Amino acid sequence: MKRNFMTSGSVNLSTVPLMCQTFHPHQQGMWLVWLHGLLGKGDDWLPVVEACNQYPSLVIDLPGHGRSADVALTRGFAEISHLLSATLSQYHIHDYCLVGYSLGGRIAMYHAIYGQSEGLRGLLVEGGNPGLFSRQEREARLQHDQCWAQRFRQEPLASVLADWYQQPVFADLTVAQRQQLIQLRSQNSGDRLANVLENVSLGRQPWLIPDLQQITFPFSYLCGEHDLKFQRIAQQYQLPLTTIPQAGHNAHDGNPAAFSSAVNHFLSLFG
């Protein structure tokens, strides 16, 4: 196993590829490119990456997170899609499958539709919201996320996270799991999280459903069986749903073995 790290230095961060790690780079064929969720980092994927070791993998830290914590966004989804393209170009990756969880899934879907995605061969989205249909919904969500961003900037991060993990989407978590996540995610910077949340709020994301329904390459939408909200979204819009048993919103963490099995089954479609 080999790991590479990109460093940003003191140059204009908007032009610098994101920090990332490579795993199994000597394997042949399509690369797997992994995008984590809000508050997370690339390392969150490592158990699944190791279970998919027949493929080379690029594990990315998104702006404001992990080793890309100093990368600030100013132009939302278009900018982060550009950064993703620059990172892939830096590693000479021209044949790849995107795997994204939550925020990472939303970025993956946006990139697949609006980005420079000529080499994209497959799309795996775990609990990523495809967007809000009406302007009113988007404006309400933007205000909602701006309130969270203000709290991230002004309050102790642990206290904000205690409320964050009380949101309905995390209802399957036990008290111990919540405490573990609060401790783990408190290593983030509140200011940087606020910047990300404001720039890639669901309220700023385009409505992606019509384009997702016309995707011609392999596409799978993964949900934990206890993640009822995102199962309903998949069913309502006839997205290609795969359900991960005994897991909630963060299925790759809740049941990594079943999640890895689903990913490897999806990858078997490529021959």
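**Salt bridges and the domain contact**

Modeller: In this predicted model, Arg141 and Asp145 form a salt bridge, with 3.1 Å between the closest N and O atoms.

Biologist: How many residues apart are Arg141 and Asp145 in helix α4?

Modeller: They lie 4 residues apart in helix α4 (residues 135–154), so about one helical turn separates them.

Biologist: Is Asp145 buried or exposed?

Modeller: Asp145 is buried, at a relative accessible area of 2%, whereas Arg141 is partly exposed at 28%.

Biologist: Which residue forms a salt bridge with Glu155?

Modeller: Arg151 does, with its closest N and O atoms 3.0 Å apart. Arg151 also meets Asp163 in a salt bridge, at 2.9 Å from N to O. Asp163 is partly exposed, with a relative accessible area of 37%.

Biologist: Turning to the domains, where are the bounds?

Modeller: Domain 1 covers 20–133 + 205–268, and domain 2 covers 136–193. Their centres, taken over C-alpha atoms, are 21 Å apart. Domain 1 contributes 17 residues to the contact and domain 2 contributes 15 residues.

Biologist: What area is buried between domain 1 and domain 2?

Modeller: About 1,400 Å² is buried there, with 56% of that area from carbon and sulfur atoms.

Biologist: And how many salt bridges cross the interface?

Modeller: There are 2 salt bridges between domain 1 and domain 2. On the side of domain 1 that touches domain 2, the residues comprise 6 nonpolar, 7 polar and 4 charged.

Notes
Residues numbered from 1 in each chain as written. Predicted model: local features only at pLDDT ≥ 70, side-chain atom pairs only at ≥ 80, totals over all residues. Heavy atoms only, no water. Domains from an automatic or database assignment. Contact = heavy atoms within 4.5 Å. Buried area = accessible area lost by both parts, 1.4 Å probe. Salt bridge = Lys/Arg side-chain N within 4 Å of Asp/Glu carboxyl O. Nonpolar A, V, L, I, M, F, W, Y, C, P; charged D, E, K, R; others polar. Helix = DSSP H or I, 4+ residues; strand = E, 2+ residues; numbered from the N terminus. Buried < 20%, exposed > 50% of the residue type's maximum accessible area, 1.4 Å probe, protein only.
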